[in-house]
Amino acid sequence: MISPDRFLADLERLRHFGAAGVGKGVVRPAYTAPDVEARDWLAARMTEAGLAPRFDAMGNLFGLADGPSLLLGSHSDSQPTGGWLDGALGVIAALEVARASREAGGPAISVVSFEDEEGRFGVTTGSAVWSGGLSLAEADVLTDHDGVSLAQARAILGDRVGPDIDPAQFTGFVEMHIEQGPTLDTVGEQIGVVTEIVGIRDRVITLTGQQNHAGTTPMALRRDAFQGLAAFNARLNERFRNVVTPQTVWTIGHVSVGPNASSIVPGEVRFSMQWRDGDPDRLGRMEEIIESTVQEIASEMGLTVAFGPLLGLEPVKMDADLRARLEQAADMIAPGAWRTMPSGALHDATNLSRLMPVAMLFVPSIGGISHAFEEDTDEQDLVAGLRVLAHAAGVDQALT
């Protein structure tokens, strides 16, 4: 039988690895000491639950049941300043369902905590490598915003790394997650059964001009890289107007200005450009508009432009059978208080869809807040999500 108290206690214990800031904030980026300490603790809990813990080369941590099994989980790394539930909820819920099923003699359930889902080095990097969407050699040369390579960062794993984990032993993957948006909280519902996950594109763009004296260089003679970024942003929004839908989103989220001094005309700007949509054709059209617009701005302002590698994932529909099992469970456990809905956020389930059937369920995010110290969910909603996951996984004791 699942134990809500044990589940909530484990969730609270995981929060203490990297606990920071006010409320329930967490600072646990991939390949940092708190991240690895959390994984070691999870490995010990997996052992106690009767699972065999295994790390792969990326630091993905699996808790393996004997024989073919359903895989449950998510990730346990955080944003540079994040919340206590993003990813962690799915891992701890998976652990509780696997433990309860083993105690009751139920179906075999394995657990996973993927590494670098939050994208310190790319886009859901750990599951991308495990699923074959990215080779380890390709991943190793990726760098974070401080110039640290993934190969350098994952050295922290030391002798934890073991053989590759064969995906053929898993019959499917179900990921429980907070919504990270306002829909469920606004309407007062407990469960969202995901219909599809949007696609994403992400790349770094660099504009280079001429660094010069801020007091003596006339405006008309400047090749100001930051002004190039400002002009690009304004023009891009206008050009997207007749292409995007209300559900389409795009973000310039990280900007590095060189040399970043108050009395110097910026000679270089390096910025991230990310866009998301459920239509792969629209994602491609947006890519064309981004490239042509930034090249046009660079030409007009005497700048040069360099594009980093284009990273991303395609939109993915959830498996019909697994989704139906989640819907049936939601109707039993939260009657009249659940809905089907798309996911605007990216998840490891996207990568795993290359290998096996996948499905997802959401619980509410209070105020729609995530990727922030204020991230939280009511305990009743957390437990309702756990019960839905358990029932969909075939652990019928969840209903008692």
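**Aromatic rings and the strands around them**

A: Let's begin with Phe271, which has a relative accessible area of 1% and is therefore buried; buried means under 20% relative accessible area, exposed over 50%, and partly exposed in between, using a 1.4 Å probe and protein chains only. Please keep in mind that this is a predicted model, where local features need pLDDT of at least 70 and side-chain atom pairs count only at pLDDT 80 or more, while totals for chains, interfaces and linings use all residues. Residues are numbered from 1 along each chain as its sequence is written, and side-chain values use heavy atoms, with hydrogens and water left out.

Now to the rings. The structure contains 10 aromatic pairs. Rings of Phe, Tyr and Trp (its six-membered ring) pair if their centres lie within 6.5 Å; planes under 30 degrees apart count as stacked, over 60 as edge-to-face and the rest as tilted.

One of the pairs is Phe114 with Phe173: the ring centres are 6.3 Å apart and the planes stand at 75°, so this pair is edge-to-face. It links distant parts of the chain, 59 residues apart, with Phe114 in strand E4 (residues 109-114) and Phe173 in strand E5 (residues 170-178). Helices (H or I, at least four residues) and strands (E, at least two) are DSSP runs, numbered from the N terminus. Phe114 counts as buried because its relative accessibility is 0%, and Phe173 is buried at 0% too.

Phe271 has a partner of its own, Phe232: their centres lie 5.6 Å apart with the planes at 45°, so the pair is tilted. This pair also links distant parts of the chain, 39 residues apart, with Phe232 in helix H8 (residues 225-240) and Phe271 in strand E12 (residues 268-277). Phe232 has a relative accessible area of 0% and is buried.

Back at Phe114, this residue forms one aromatic cluster with Phe62, Trp130, Phe170 and Phe173. Phe62 takes us to strand E2 (residues 61-64), which is covered on both faces: Leu61 and Gly63 are buried on one side, Phe62 and Leu64 on the other.

E2 and E4 run antiparallel and are joined by three bridges; two strands pair if DSSP finds at least two bridges between them. Gly63 has Val111 in E4 as its bridge partner. E2 also pairs in the antiparallel sense with strand E1 (residues 52-55), over four bridges, and there Phe55 stands opposite Leu61. Five residues lie between E1 and E2 in this hairpin, and Gly59 in the turn has a positive phi of about 95°.
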